[in-house]
Amino acid sequence: MATARQTADIDLRTRLQDWLPKLVLSPSVAAILVFVYGFIAYTIYLSFTGSKMLPSYDLVGFDNYATLFGLSAWSTALINLSIFASLYIIICMAIGLLLAIFLDQKIRGEGLLRPIYLYPMALSFIVTGTAWKWFLDPGIGLEHTMHLWGWESFKFGWIKDRNMAIYTLVIAAVWQSSGFVMAMFLAGLRGIDNEMLKAAQIDGASNWQLYRRIVIPLLRPAFMSAFVILAHLAIKSYDLVIALTGGGPGRATELPATFMYSYTFTRNQMGVGASSAVIMLMGVAAIMVPYIYAELKEKK
Amino acid sequence: MSFLNIDNVTKSYGNVEVLHRVDIDVQEGEFLVLVGPSGCGKSTLLNMIAGLENITGGTISINNRVVNDVHPSKRNIAMVFQSYALYPNMTVGQNMTFGMEMHGIPKPERERKLADVAKLLQITPLLDRKPGQLSGGQRQRVAMGRALVRDPDVFLFDEPLSNLDAKLRVDMRTEIKKLHQKLGTTIVYVTHDQIEALTLSTRIAVMNKGYVQQLGTPKEIYDDPANMFVASFMGSPSMNLLPARLVEDNGQLAAELTDAGGTGLRLRLSQDGQGLRSHLGKDVILGVRPEAITDAEGADKRAQNLQILRNEVSVTEPAGSDTFVTMSLSGKDCVARMRADAEARPHEVFEFTVNMDKAVLFDPQTEERIDR
Amino acid sequence: MSAATQDTAVRTGRITRTFIYVVLIFFALFYLLPFFIMMINSLKPLSEITAGNMMALPKEPTLAPWGAAWSTAQIGVEATGLKPYFLNSILMVVPAVAISTVLGALNGYILTKWRFRGDTVLFGLMLFSCFIPFQIVLIPMARILGMLGLAGSVQGLILVHVVYGIGFATLYFRNYYAAFPTELVKSAMIDGAGFFRIFWRIMLPVSGPIAVVCIIWQFTNIWNDFLFGVSFGGLNAQPVTVALNNLVQSSTGVKEYNVHFAAAILAALPTLLVYIVAGRYFVRGLMAGSVKG
């Protein structure tokens, strides 16, 4: 039998246990709400003000957005992003899928090859940029070496070429990320039921048909994940551009992320910078929100 | 007041009520089984007794104490889970004494109780192992041991045998029954397996769609099902439920059916009464258990009212000790359970003997049993 | 991965297999080459680099560039080498990883085992925060750090990395704990263990693998960060990535490529080491975190 006092203790303890989880969660939730969503709201607000070097609170409507889309630097950044992102995503996926399928053929030395493919993603983009900047430099890198080896006519000066520099970004970024995409596809492949493949072979499918008709369709979730991750990385790309080309030559490799930084912090056009950040966020949200929504709904 | 009292208990998630006004009294030492198909609310009810889910309405009391707002650990209950829920990082011994440790019971006493229970369950050699090194049956024992050392007022079992293979399940069933008889503890046991319910319990609550359909001893549930759901859920193969018409035959009540060829036939009822007579001339459902339909030699010698039924056999299924014979009655398949050497053959007419003492009638509209 | 899934049902002929090996080895070279070139050239005197072939092995191997990169190279205005910046990175990365991992573990535990109305929405908000372009928070963050007096300090960077690391840490632990049977928690509750006791005695002892994954992930991300470092590091708290970039991009004087390479490798060393030591977990964690979302 419980005395009245014990009952009171029990009530208190039970009630505390009910509140404790929410209490412990609250600092994280508060941090996310303030530092992510509060800040997003603040930046959106700034994008409608005439802020220059310092934030000001005079609303100017959509002026910043009008200015933004009137700037050739911004259109260049958007065009560059679309070239960079589409090539980066497609090539990473193609290489990743190829390597994953090949590695899945009971390859001797898989344990050695996998970490070799993957290690670039442990590196900072600054390190990647440093390495590739030099490797691609015609005066000292690949072109120079080829000349020394006697291939005098060899030319590879993309990094100095306004029209081609954007593709050097693609090369370095693919080098860094494609191994990671390979790992995602490999995990997907290893998750496929082998009996299904055996059944398809008994049905007379050739290797090519097997992959095209059965395996690759089954990898849909891995394709989705890879796409989402690569796309958001592409939109956020900043470090690599800074380290590899610094946005140049001229504005040839300007991306929205570098645009935002230079307009906000060096050109003192904070309102325009904020509006470019908002556009970037909208781009990421367009990709991530449906994905997260689907993932969470599925799990519920 | 009873030992475990479930009084007018309801459970809702948002606006959806999933348990409707459940009233169950459990006496000390009783073995109550909650049985029903998945989603019937039996596990929810068990979790509410354990305190793992909030009670929306009504009260639950254990040993004369209302426990609605009492933390699970203070209800003096122990629970055996379907997955056994053994802590993977602790040894068997640590698993079993964890609860006592949490309750601040001194180590010598913990050790003593652990040794007693381990001996009782014959798991003493396993005490230093980790759960990952045990077989399914051993884990099951450890899970029970963990509950036993707590010496609780009520044991709660949540489908404890469903992860075992068929043979082990039967063995453990017997073991649990022995343990109950030996220790005389109060048990609430959830299962979807009607055989477990019938063999283990002193009383059964058959549940469906959040309602307790019937509460009674295994015999009451089996012989006098309250409605068509209970009749078909309990027993395997399940009770034959045949559309029929209630008629009067020489002053006695009879059920009129049609045989495989569409010809009418009558089976005289053993019971009579006002309740039944009010359905005279109307459609009813005749419920007959397969073992009440046999050949002449296999019929129950003590039956008062054996009726002969000639009908064509459609399928025979020998199952070792029994042979199941299927025929068509009133357009439905009707299964008879016969001794192994009964001479029924497919597509031949056979003379069935029906023990009408065991027959029950249901109202096709309400699906409730028609009382006499 | 179980043993059964290791063997593939696909059969390949000899020619195909040769082709497969050729392709695989080609890509292995592609991934190794830049790092290999950096490594060999970091061991050459500068004259050998400018005069010679980048693919050639050093004729007169020297560790001088490494020494210079570490302690004497001109970065910004002072000739300090990478050392102080490396120290900044360590001072920043250790607390930031520790705090975000602990928070992530608790959050994951709560979001799977103490569920409440709206928990999925909260998790969705945390998840989205992993993927925002950080440009959207740069301006207000600069102001808040200024107001808190944390601008240009290591503490400020720790705060930033903890806040934006919570999402991933929570994601990892939530996915891991979701597969952990809830019945164990219920059982512990009946046994009388409370919120923290269950976490400490039941959940933490089995959290080793995911903790390793989370720590490696956070470590790599925070160590490799450039944007926050360059924005909020000021002059005194710059992490090594920013210092490396300043060194490489500096327009004054002769470009000491060998020193640049040594510095780049030094800056990459901690993450590479972590990756070599615990890479298997790293990969597995990335799968768990990204494929399953």
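Which residue is the bridge partner of Thr10(B) in E4(B)? The bridge partner is Gly57(B). The model in which this pairing is found is a predicted one.

## The open sheet of chain B

Chain B contains an open sheet of 4 strands, arranged in the order E2-E1-E4-E5 with antiparallel pairing. Strand E2 (16-26) and strand E5 (65-66) of chain B stand at the edges; each has a single partner strand, so one side of each has no neighbour in the sheet. Helix H1 (residues 42-50) of chain B packs on this sheet, where it touches E1, E2 and strand E4 (57-62) of chain B. The direction of the helix makes about 115° with that of E1(B).

The pairings can be followed along the strand order. Strand E1 (residues 4-13) of chain B pairs with E2(B) over 7 bridges in the antiparallel sense, and Leu4(B) stands opposite Val26(B) in E2(B). E1(B) is also joined to E4(B), by 5 bridges, and these two strands run antiparallel; the pair Thr10(B) and Gly57(B) belongs to this part of the sheet. E4(B) and E5(B), likewise antiparallel, are joined by 2 bridges. In that pairing, Ser61(B) has Val66(B) of E5(B) as its bridge partner.

## Backbone features in chain B

The hairpin of E4(B) and E5(B) has 2 residues between the strands, and within the hairpin Asn63(B) takes a positive phi near 50°. A positive phi, of about 55°, is also found at Asn76(B), although this residue is not a glycine. Asn76(B) is located in the loop between E5 and strand E6 (77-80) of chain B.

A cis peptide bond links Ser236(B) to Pro237(B), with omega near -5°. Pro237(B) is placed in the loop between helix H8 (228-233) and strand E11 (240-249) of chain B.

## Salt bridges

Over all chains, the structure holds 23 salt bridges. One of them is formed by the side chains of Lys11(B) and Glu53(B), at 3.7 Å from N to O. Lys11(B) lies in strand E1 of chain B, whereas Glu53(B) lies in the loop between H1 and E4 of chain B, so the pair ties together parts that are 42 residues apart in sequence.

## The interface of chain C and chain B

In this interface, 16 residues of chain C are in contact with 27 residues of chain B. The two chains bury about 1800 Å² between them, and 61% of this is on carbon and sulfur atoms. On the side of chain C, Glu183(C), Ile190(C) and Asp191(C) lose the most area to chain B, together accounting for 38% of what that side buries.

There are 2 salt bridges across the interface of chain C and chain B. A salt bridge joins the side chains of Arg150(B) and Asp191(C), at 3.3 Å from N to O; Asp191(C) is also among the residues that lose the most area to chain B. Polar contact is found for 10 residue pairs between chain C and chain B, both residues being at pLDDT 80 or more. Helix H9 (182-191) and helix H10 (195-203) of chain C are the elements that give two or more residues to the side touching chain B. H9(C) supplies the largest share of that side, 8 residues. By class, the side of chain C that touches chain B has 9 nonpolar, 2 polar and 5 charged residues.

## The interface of chain A and chain C

The contact between these chains takes 103 residues from chain A and 102 residues from chain C. Chain A and chain C bury about 9400 Å² between them, with 75% of it on carbon and sulfur atoms. Helix H1 (residues 4-46) of chain A gives 20 residues, the largest share of the side of chain A that touches chain C. The residues of that side divide into 72 nonpolar, 17 polar and 14 charged.

How many salt bridges are counted between chain A and chain C? The count is 0.

Notes. Residues numbered from 1 in each chain as written. Chains lettered and ligands numbered in written order. Predicted model: local features only at pLDDT ≥ 70, side-chain atom pairs only at ≥ 80, totals over all residues. Heavy atoms only, no water. Contact = heavy atoms within 4.5 Å. Buried area = accessible area lost by both parts, 1.4 Å probe. Salt bridge = Lys/Arg side-chain N within 4 Å of Asp/Glu carboxyl O. Nonpolar A, V, L, I, M, F, W, Y, C, P; charged D, E, K, R; others polar. Pairing = 2+ DSSP bridges. Axes fitted to C-alpha atoms, helices over the stretch in contact; angles between N-to-C directions. Polar contact = N/O pair within 3.5 Å; in protein donor to acceptor, adjacent residues only side chain to side chain.
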